[in-house]
Amino acid sequence: MGLSVRELNQVAPGVWVATAEVWASNTVVLVDDHGAALVVDPGITPEEVGSLAEAIAARGWHVTAGLSTHPHWDHVLWSASLGDVPRLATPRAIAALADDVERSWADACEVAPGHDRSLFGALTPLGTADGAPAGSDVPLLPPAPRGCRVVVHDGHAPGHLALVARGVLVAGDMLSDREVPLLDVGPGRDATRAPYDPLGGYRWALERLEDAVDRYGVQVLVPGHGGVAVGRQAIGERFAADRAYLRALERAAEPQFDPFPVGCGNPLCWCYGARTAAASREAEAHGPRPWLAAPPTQAPAVSDPRLADSWVDGEHAAQLGFLRARLLARR
Ligand SMILES: [Zn+2]
Ligand SMILES: [Zn+2]
């Protein structure tokens, strides 16, 4: 589909949002009184990112900096037409992308072919002496417009940041009405490279973001994908929905983690009720039998309207499997 100039909607004074066709991805353009613009997560396809540059130029603004909320490929794209300006990200995000850049680029090429490889993930570390550790709430320095702050955490990806400016929280891939909380289960789902406790890290990140909402009087929340939430009640509902999902996810992962499930279900068989590897193999070898009862513990189902989307449901299944394996390994 041909895109002309990308549509920009103002959500607060000088804060504009453009929504991409792919995954309802949101780009935020923050403009000061002199037309200096900060572009956050510029979009997905080359056409979209290019048309964003046209929309910015058509309004007489000039891009002075970019900002990537986190090191996933759909947040580190750029177009030469946006200008050769610093594109800021946290040092930890930059390191994480560097560790995984070829796989990320391959993903980008698959969904949004045609980007310039030399611009992919060409990021500049935020200018803070301490490297913006998790939990920091630091000002964004020029060339970013004045009055911007970033809150840094590791909730969905290493070195993830949220931008806070003019009563708006730009949350990156958190607090979406389309996506359930997606934990950091390792790059490309490589669990060996995942953090020790991604669930705890995610909850901690939600606390930091909620603190920022209170501290800066945030009234508008822009997620990386999905609808904008306006007003404290709507924002509070996003936090509540994400926490409810995390509780349900944890419950679903925990109760039936048993390395050696009980045997075949036939009370006359030696493996019945036995919790050994041999019993487990025996039960498997028997295959389904008419007397097989339901498993003794059934994981509670996770119900969340966002799981109606098949991609989100697939991510949910993957992180449920990840958490179960983690809990097993720690037993
Ligand atoms: Zn992401
Ligand atoms: Zn994303």
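**Helix packing, close up**

Tutor: The protein has seven helices and 13 strands. Here helices (H or I, at least four residues) and strands (E, at least two) are DSSP runs, numbered from the N terminus. This is a predicted model: local features need pLDDT of at least 70, side-chain atom pairs count only at pLDDT 80 or more, and totals for chains, interfaces and linings use all residues. Residues are numbered from 1 along each chain as its sequence is written, while chains are lettered from A and ligands numbered from 1 in the order in which they are written.

Start with the setting. Of the 331 residues of the protein, 40% count as buried. A residue is buried if 20 or more other C-beta atoms lie within 10 Å of its own, exposed if 12 or fewer, and partly exposed in between; the C-beta atoms are placed from the backbone. Two residues are in contact if their C-beta atoms, placed the same way, lie within 7 Å. Among contacts with a separation of 6 or more, 63% join residues 24 or more positions apart.

Now the core. A nonpolar core is a set of buried Ala, Val, Leu, Ile, Met, Phe, Trp, Tyr and Cys residues joined through C-beta atoms within 7 Å. The largest one has 76 residues, and Ala162, Leu163 and Leu169 touch the most other members. This core draws at least three residues from each of domain 1 (9-253) and domain 2 (277-330), with bounds that come from an automatic or database domain assignment. Leaving out residues up to four places away in sequence, Ala162 touches Val150, Val151, Leu169, Val170, Ala171, Gly172, Leu209 and Ala212.

Next, the helix pairs. Helix 4 (residues 198-215) and helix 5 (residues 232-253) pack at an angle of about 165°, with their axes 11 Å apart. Axes are lines fitted to C-alpha atoms, for helices over the stretch in contact, and angles run from 0 to 180 degrees between N-to-C directions. Helix 4 and helix 5 are therefore roughly antiparallel. Angles under 35 degrees count as roughly parallel, over 145 as roughly antiparallel, 65 to 115 as roughly perpendicular and the rest as oblique. Helix 4 passes helix 5 in a left-handed crossing. That term applies if the near helix is turned anticlockwise from the far one by less than a right angle; clockwise is right-handed. On the helix 4 side, the meeting residues are Leu199, Tyr202, Arg203, Leu206, Glu210 and Val213. Helix 5 brings Ile235, Phe239, Asp242, Arg243, Leu246 and Glu250.

Helix 5 also meets helix 7 (residues 310-330): their axes come within 9 Å and cross at roughly 50°. Helix 5 and helix 7 are therefore oblique to each other. Helix 5 passes helix 7 in a right-handed crossing. Leu249, Ala252 and Ala253 of helix 5 make the contact with Gln319, Leu320, Leu323, Arg324 and Leu327 of helix 7.

Look at Leu320, found in helix 7. Leu320 is partly exposed, because 17 other C-beta atoms lie within 10 Å. Leu320 touches Leu249, Ala252 and Ala253, not counting residues up to four places away in sequence. Leu320 and Glu250 are 70 residues apart in sequence, yet 8.2 Å apart in space, C-alpha to C-alpha.

Finally, helix 2 (residues 91-98). Arg92, Ala93, Ile94, Ala96 and Leu97 are buried there. Their cover includes strand 6 (87-89), helix 3 (101-111), strand 7 (124-125) and strand 10 (160-165).
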